[in-house]
Amino acid sequence: MLGLATKMKPIGFLVATAVLVSTAACNRSQPVRAKHDSEPVAVRVAPVVTRGIQRTVESVGTLYPYEEVIVSAEVEGRVEEVRFDLGDAVREGEVLVRISEEEQRYLVAQTEAQLRQALERLGLKDESDRVRDIRETPEVRRAQAELFDAEQRYKRVRELVDQGIGSQQDLDQAQARYKAMQAAYDATLNQTRNLIQQVEQFKASLQLQRKRLRDTSVRAPFSAYVKERQVTVGQYVRVNAPLFSLVKTDPIRLRAEIPERMAPWTQVGQSSEVFVEAYPERRFQGRVWRISPTVDQSKRTFLVEALIQNPGGELKPGSYAKVRIRTNKVEQIHLIPARAVNYVLGTNKVYAVRGGTVEPREVKLGDRFDQEVEVVEGVRPGEQVAVTQLARLESGAPVRVLEGPLHSQ
């Protein structure tokens, strides 16, 4: 039995030693569990402030030309000259294309000859003259003279018959001639009226032919840039054949979709700022020009157009652009520094500092204003929120507030 006790002694000694080691290890880890008993985290804080803010509406849209047109041929013929190409600037009234005018000149000459003939029959010298009294035209005067002669002869023969000198046959012949001249006079008046209308018709035809002659020189309807050239020299074009695509880009239009809840804030004439990726440091100025009267039922947005000055042509149609519209809506809102917000697991959090400890708050954010952000829910005016050391803060953690401006941290 003594021998057995002697052999078991080392086993008891080892167990006792293990218990002591385990107890010592637990005592050494105790400061790690008592995390809040460590030194307070030095933080800087900022108050939740209330300020009147002029609301802005922000959206992303697309740039469109102020005007865009496809210039087409108004007469058919062979193209003799093309003066511009892709990207060229054209001024209003400049000739873009010349079409052969030979056929049109012949048609003008033909119509001018027909008009001159009709004018001569009316006793007019040129196409600007007008018939003031139809009885003064040559053919009517001639018919009137013949009628007067027939009337006088009829009266003389009737007097002779009344005196018993003339024969009844002569009277019948004179009377018949007189009635014939009356009918001829009436017919001449009608023919002359028709001739006057024919002259007006010739004048209209002549003006149309002259227009077609002018249309052989295709001109720019407004100052613009050539977007596309669709014609070459020697090509035979027909009426309505497209020749050029022109775009006017100063000013340029921006179309953007605005949420329907912002409709009361958005009005024609409000100033706007436009930003594009090609010029990240520039702000292009413009104004709201048009507002759609309807809301898209699928998107719950309405369309707004802004006019942007673009004298240098930096802004190009088809580009995406961000627009910021300054509205007349002024609201009192709560603001904190944007750096006070910590995005954690899909939520925005701030850390309210009160009584030397931290209280995490989940917040709902609104608009951003430079270095500040609107807080819709989660904090109250006057509360202090941490703006530094956010990654080290948790609920109940002790903090020490540092004094001094924020930018010194």
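Helices (H or I, at least four residues) and strands (E, at least two) are DSSP runs, numbered from the N terminus, and in these terms E58 is found in strand β3, which covers residues 49-72. The structure is a predicted model, in which local features need pLDDT of at least 70, side-chain atom pairs count only at pLDDT 80 or more, and totals for chains, interfaces and linings use all residues. Residues are numbered from 1 along each chain as its sequence is written, and side-chain values use heavy atoms, with hydrogens and water left out.

**The chain as a whole**

- The chain contains 4 helices and 21 strands.
- Of the 409 residues in the chain, 33% are buried, where buried means under 20% relative accessible area, exposed means over 50%, and partly exposed is in between (1.4 Å probe, protein chains only).
- Among the contacts in the chain with a separation of 6 or more, 74% are accounted for by residues 24 or more positions apart, and contact here means heavy atoms within 4.5 Å.

**Helices that pack against α4**

- Two packed helices are described by the angle between their axes and the distance between the axes.
- Helix α2 (residues 102-121) and helix α4 (residues 168-214) pack at an angle of about 160°, with their axes 9 Å apart; axes are lines fitted to C-alpha atoms, for helices over the stretch in contact, and angles run from 0 to 180 degrees between N-to-C directions.
- Because of this angle, α2 and α4 are roughly antiparallel to each other, given that angles under 35 degrees count as roughly parallel, over 145 as roughly antiparallel, 65 to 115 as roughly perpendicular and the rest as oblique.
- The residues of the contact of α2 with α4 divide into 10 nonpolar, 5 polar and 6 charged, where Ala, Val, Leu, Ile, Met, Phe, Trp, Tyr, Cys and Pro count as nonpolar, Asp, Glu, Lys and Arg as charged, and the others, Gly among them, as polar.
- Helix α3 (residues 138-162) also packs with α4, and their axes come within 8 Å and cross at roughly 160°, so that α3 and α4 are roughly antiparallel to each other.
- The crossing of α3 past α4 is left-handed, and the residues of the contact of α3 with α4 divide into 14 nonpolar, 6 polar and 8 charged.

**Side chains with polar contacts**

- E58 is partly exposed, with a relative accessible area of 36%, and its side chain makes a polar contact of 2.9 Å with the side chain of R324; a polar contact is a pair of N or O atoms within 3.5 Å, and within protein one must be able to donate a hydrogen and the other to accept it, while residues adjacent in sequence count only if both atoms are side-chain atoms.
- E58 and R324 are 266 residues apart in sequence, yet 4.5 Å apart in space, C-alpha to C-alpha.
- S217, in strand β7 (residues 217-219), counts as buried at 13% relative accessibility, and a polar contact of 2.6 Å joins the side chains of S217 and R98.
- R253, in strand β10 (residues 242-259), is buried with a relative accessible area of 16%, and a polar atom of its side chain lies 3.2 Å from the backbone oxygen of P65.
- Not counting residues up to four places away in sequence, R253 touches several residues, among them Y64, P65, W289 and E305.

**Backbone features**

- The peptide bond from D250 to P251 is cis, with omega near 0°, and P251 lies in strand β10.
- N240, in the loop between β9 (236-237) and β10, has a phi near 75°, a positive value in a residue other than glycine, and at 61% relative accessibility N240 counts as exposed.
- Q389, in the loop between β20 (384-386) and β21 (399-401), has a positive phi of about 60° although it is not a glycine, and at 30% relative accessibility Q389 counts as partly exposed.

Conventions: A crossing is left-handed if the near helix is turned anticlockwise from the far one by less than a right angle, and right-handed if clockwise.
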